[in-house]
Amino acid sequence: MKLLYYTATGNSLYVAKRIGGERLSIPNLLRRGKCTVEDDDAIGLVFPCYGYTFPRTVLDFLSAADLKSNYVFAISTYGAKDLAALSLMEKTASKFGISFDYINSISMVDNFIPRYSLESQIEALPSKGIEEHLDKIVADIKAKKRHAPSASFIEKRSTGKEQPSLTFPPDVDSRYEIRGCVKCRTCMKVCPRGNIDIFAEERYFHNCDFCMSCIHNCPSNAIHLPDEKSTARFRNEHVQLREIIESNNQL
Ligand SMILES: Cc1cc2nc3c(=O)[nH]c(=O)nc-3n(C[C@H](O)[C@H](O)[C@H](O)COP(=O)(O)O)c2cc1C
């Protein structure tokens, strides 16, 4: 089995780890132009939900991908609400000739700090039953079960038809405020789009997914949003900074 994943703060990487198989990061595949992936057993995509859709980098990959397998699945991690994100993913992927045998989502910590404080998210964790839900997803995939998205009409209407690029424009990075940077370059290494150069006149190149990997993984907590709900930051407890760097490093 091959797991193709995208992660900023480790939730999706943790899910990929729990499913097992060989893990390949989507930013790395794109960078190397290796978008044809074959595996007789299964190929899975694991990625976060962004604004009821999914990251632009995942869209870029879908548009270039050729997935050859007897069983193809997709798992989205999200925080509070994903509405009809899975239906939108199914529809978008089908435009690129990709169809999923199994598609599902799992609620984890919401890392979207303009809306939620991490403190409130961590407090809500026990009620999410993440491990039980993951056990079920892992068993489903092992049994090669089929599962389609089941969004209601209202959820579909609220989700809209927007692609990620419209929800969060690539120059969303102009909102970032830097306070107390020690120039360790971690932000440059954890960015899945190679969108940062702290030594350049303008640090961000306006090619941003708004994944907030730079914000959450900064060892000095130097990157802020004017509307962040608190200054607390997050990385999934089962994932180390080194693994985020290995997944996203474009240097
Ligand atoms: C820009 C952005 C938008 C997000 N939008 C949503 C959303 O619409 N619904 C939701 O439930 N969670 C949303 N989230 C939360 C993430 O989907 C969630 O925390 C995810 O598990 C993070 O995955 P990662 O740790 O692999 O990066 C958003 C996060 C970011 C950074």
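# Packing and ring pairs in a predicted model

Q: Which elements are included in what covers the buried residues of α11?
A: The model is predicted. Helix α11 spans residues 241-248, and its buried residues are E243, I244, I245, S247 and N248. What covers these residues includes strands β1 (2-5) and β2 (22-25), along with the helices α1 (11-19), α2 (26-32), α9 and α10.

Q: Which residues does P27 touch, not counting those up to four places away in sequence?
A: P27 belongs to helix α2. With a relative accessibility of 3%, P27 falls under the 20% cut-off, so P27 counts as buried. Two of its contacts, S247 and N248, are also among the buried residues of helix α11. Beyond the excluded neighbours, P27 touches Y5, Y6, T57, P192, S247, N248 and Q250.

Q: What distance separates the C-alpha atoms of P27 and Q250?
A: P27 has Q250 among the residues it touches. Along the chain the two are 223 residues apart, while their C-alpha atoms are separated by 8.2 Å.

Q: How many aromatic pairs does the model contain?
A: Rings of Phe, Tyr and Trp pair if their centres lie within 6.5 Å. By this rule the count is eight.

Q: Is the pair of F112 and F168 stacked, edge-to-face or tilted?
A: The ring centres are 6.1 Å apart and the angle between the planes is 45°. Stacked needs planes under 30 degrees apart and edge-to-face needs over 60, with the rest counted as tilted. The F112 and F168 pair is therefore tilted.

Q: How many residues apart in sequence are the parts tied together by F112 and F168?
A: F112 lies in the loop between β7 (102-107) and α5 (118-124), whereas F168 lies in the loop between α8 (164-167) and β8 (177-178). F112 is partly exposed at 21% relative accessible area, and F168 is buried at 15%.

Q: Why is the pair of F112 and F210 classed as it is?
A: The ring centres of F112 and F210 lie 6.1 Å apart, and the planes are at 90°. Planes over 60 degrees apart meet the angle cut-off, so the class of this pair is edge-to-face.

Q: Where is F210, the partner of F112, and how many residues apart are the two?
A: F210 is buried, with a relative accessible area of 5%. Its place is the loop between α9 (186-190) and α10 (213-217), and F112 is in the loop between β7 and α5, so the pair links parts of the chain that are distant. The separation of F112 and F210 is 98 residues.

Q: Which residues form one aromatic cluster with F112?
A: F112 pairs with F168 and with F210. The cluster that holds F112 has F168, Y176, Y204 and F210.

Q: Which residue lies over the face of Y71?
A: A Lys counts here if its NZ is within 6 Å of the ring centre and within 35 degrees of the ring normal. At 5.6 Å from the centre of the Y71 ring, the residue over its face is K144.

Q: How many disulfides are there?
A: A disulfide needs two cysteine sulfur atoms within 2.5 Å. The closest cysteine sulfur to that of C184 is in C218, at 5.8 Å, which is too far for a bond. C184 is partly exposed at 33%, and C218 is buried at 15%. The count of disulfides is zero.

Q: At roughly what angle do the axes of α3 and α4 cross?
A: The contact is made by V58, L59 and L62 of α3 with M89, T92 and A93 of α4. The crossing is right-handed. Helix α3 covers residues 56-64 and helix α4 residues 85-95; their axes come within 8 Å, and the angle is roughly 35°.

Q: What distance separates the C-alpha atoms of E119 and K229?
A: E119 is in helix α5 and is partly exposed at 45% relative accessibility. Leaving aside neighbours within four places in sequence, E119 is in contact with S230 and A232. E119 and K229 are 110 residues apart along the chain, and their C-alpha atoms are separated by 9.6 Å.

Conventions
Residues are numbered from 1 along each chain as its sequence is written. This is a predicted model: local features need pLDDT of at least 70, side-chain atom pairs count only at pLDDT 80 or more; totals for chains, interfaces and linings use all residues. Side-chain values use heavy atoms; hydrogens and water are left out. Rings of Phe, Tyr and Trp (its six-membered ring) pair if their centres lie within 6.5 Å; planes under 30 degrees apart count as stacked, over 60 as edge-to-face and the rest as tilted. Helices (H or I, at least four residues) and strands (E, at least two) are DSSP runs, numbered from the N terminus. Buried means under 20% relative accessible area, exposed over 50%, partly exposed in between (1.4 Å probe, protein chains only). Contact means heavy atoms within 4.5 Å. Axes are lines fitted to C-alpha atoms, for helices over the stretch in contact, and angles run from 0 to 180 degrees between N-to-C directions. A crossing is left-handed if the near helix is turned anticlockwise from the far one by less than a right angle, and right-handed if clockwise.
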